[in-house]
Amino acid sequence: TKLNKEKEESIRLELERLWGLVMQKIEPTSNRGMRYKLDCMAMRNNVGVAMVEIKDRSSISSRQYPTINLSLDKYNKGMEFFLLNGLPFIYAVRFKNGIHYYKNHTNDRWPIIWWGRNDRGDPADWEPCVAIDSVRFKRA
């Protein structure tokens, strides 16, 4: 939705400020966005240093639940960049208590769960997801 895009944009800009990197948005409406499936590439001097997925979960705190879930498709795409190209994958999330991020490690293996939204009653809102341990998220 438009509101989600605005929230993600504000997180992207805040990460640029905090990390001193250019967070190049990968437009989802282009063929690039569909192909890469992630929100942006973090860059320094026009060179990629990480692939980043951004979410707004400001209705919960970073440790409110034991896991923070992410679409398996997006996680796999992030890990593909890491394993094939050496670019770290970062999952950045704004919670009630600030922006936190998970940065992948080679030996990370997370449970794969069936998870999604209930508020719209749409079965298409459910998909395989990885359940990342919330203690692995660090404050940005």
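Let me start with contacts, meaning heavy atoms within 4.5 Å. Among those in the protein chain between residues at least 6 apart in sequence, 56% join residues at least 24 apart.

Some ground rules. This is a predicted model: local features need pLDDT of at least 70, side-chain atom pairs count only at pLDDT 80 or more, and totals for chains, interfaces and linings use all residues. Residues are numbered from 1 along each chain as its sequence is written, and side-chain values use heavy atoms, with hydrogens and water left out.

Next, the fold. The protein chain has 3 helices and 9 strands. Those are DSSP runs numbered from the N terminus: helices are H or I, at least four residues, and strands are E, at least two. The order from the N terminus is α-β-α-β-β-β-α-β-β-β-β-β.

Buried residues are 41% of the 140 in the protein chain. Buried means under 20% relative accessible area, exposed over 50%, partly exposed in between, with a 1.4 Å probe and protein chains only.

Now the rings. How many aromatic pairs does a search of the whole structure find? It finds 7. Rings of Phe, Tyr and Trp (its six-membered ring) pair if their centres lie within 6.5 Å; planes under 30 degrees apart are stacked, over 60 edge-to-face, the rest tilted.

Tyr75 and Phe89 are edge-to-face, at 6.1 Å centre to centre and 80° between the planes. Tyr75 sits in helix 3, Phe89 in strand 5, 14 residues apart. Both Tyr75 and Phe89 are buried.

Tyr91 and Phe137 have centres 5.8 Å apart and planes at 70°, so that pair is edge-to-face too. Tyr91 is in strand 5; Phe137 is in the loop between strand 8 and strand 9. Ring pairs link Tyr91, Phe95, Tyr102, Trp110 and Phe137 into a cluster.
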